[in-house]
Amino acid sequence: MSVLIYTESENGTFKKNAFEVASYAYAVAKELNTTVTAISFNAEENESLGKYGVSKVLNVSNDQLKTFNAKAYANIIAKAIEKENASVIIVSSSTDTKYLTPLLAGKLKAGYTPNVIAAPESISPFIVKRTAFSNKGFAYTEIKADTKIIGVSNNSYGIHENDTSIAVEDFNSTPSEADFSTKSTEIDKVVGKATIADADIVVSGGRGLKGPENWGMIEELADVLGAATACSKPVSDLGWRPHGEHVGQTGKPVASNLYIAIGISGAIQHLAGVSSSKVKVVINTDPEAPFFKAADYGIVGDAFEVVPKLIEKLKEFKAQNA
């Protein structure tokens, strides 16, 4: 009986949250005196999971599954859980897994707790700490079901190296036609840049930038910091930026180590979606902007003056420390 994890990947490469999930699972497995088994889909670097405590990988290699399909993935993961006799399953709290995991939990009659931010408080009874009320509070949840599924919040537990001997075996389960009753017709992906889901730093712009022609300084600042770019809902609604960059409660949630909001006043939906970020910085001309109350650091000033100076100083700092 092992702890089983679902590891997310893209174009054959594991996402950062796969290593965080593996690290978390290793800690749980130690408490249960067992090992960690991972299931991956079309990944090319399965052995790398051994660095984070995974003992075995079940690799699914199937061209039909190169694009995420919640129903097909859930059915195959359920077969892997049965094969490994796993009673604890660990996943991330990404958008994809929040779609997949309820299907899996219903199929297994499992207890599912998302947005978990720490190792279990206890194993018997099985109690975990999670965020609640749009990240405004915490809840200690006891999972009583025999099969338990834990969704680990991004950047909450961290990535920890636990070198382990690893074995990789094929686990090829053919999906059924019924699994593809829902199909993706178009996927808008960020290419060649840090993604919002994986980035440690996110630089986000709002209507205070006045137009899409001024987005160059957001991208330049992000490039200097190695950050992902994002935007508020009004910006994506106006067509200044793609909807894939919209962050907030009605867009993509952000749990970065540093979130920089430029020209964003801070509507409640936006604040709820970025509140899991560890450090929040706001640059705005309005000292009464709601974001200042939620931010760790704030600069009252014109973004068109502040951001270029910030970029200049960061470049100087990087040059001195190169």
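Q: Which residues does Val21 touch, not counting residues up to four places away in sequence?
A: This is a predicted model, in which local features need pLDDT of at least 70 and side-chain atom pairs count only at pLDDT 80 or more, while totals for chains, interfaces and linings use all residues. Residues are numbered from 1 along each chain as its sequence is written, and side-chain values use heavy atoms, with hydrogens and water left out. Val21 lies in helix H1 (residues 16–32), where helices (H or I, at least four residues) and strands (E, at least two) are DSSP runs numbered from the N terminus. Counting as contact any heavy atoms within 4.5 Å, Val21 touches Ile5, Tyr6, Ile90, Val91 and Ser92.

Q: Is Val21 buried or exposed, and what is its relative accessible area?
A: Buried means under 20% relative accessible area, exposed over 50% and partly exposed in between, with a 1.4 Å probe and protein chains only. Val21 is buried, because its relative accessible area is 2%.

Q: Which elements do the buried residues of H3 pack against?
A: Helix H3 (residues 95–108) has 14 residues and reaches 21 Å from its first C-alpha to its last, close to the 20 Å expected at 1.5 Å a residue, the expected span being 1.5 Å times one less than the number of residues. Its buried residues are Thr97, Leu100, Thr101, Leu104 and Ala105. An α-helix has 3.6 residues a turn, so residues three or four places apart point the same way. The buried residues of H3 pack against strand E1 (3–6), helix H2 (70–84), strand E6 (88–92), strand E7 (111–116) and strand E10 (148–152).

Q: What kind of aromatic pair do Tyr6 and Tyr73 form?
A: Rings of Phe, Tyr and Trp (its six-membered ring) pair if their centres lie within 6.5 Å, and planes under 30 degrees apart count as stacked, over 60 as edge-to-face and the rest as tilted. The structure holds eight aromatic pairs. For Tyr6 and Tyr73, with 6.1 Å centre to centre and 80 degrees between the planes, the pair is edge-to-face.

Q: Where do Tyr6 and Tyr73 lie, and how many residues apart are they?
A: Both Tyr6 and Tyr73 are buried. The pair links distant parts of the chain, with Tyr6 in strand E1 and Tyr73 in helix H2, 67 residues apart.

Q: Which residue has its ring under the charged end of Lys129?
A: A charge sits over a ring if NZ of Lys or CZ of Arg is within 6 Å of the ring centre and within 35 degrees of the ring normal. The charged end of Lys129 sits 4.5 Å from the centre of the ring it lies over, that of Phe138.
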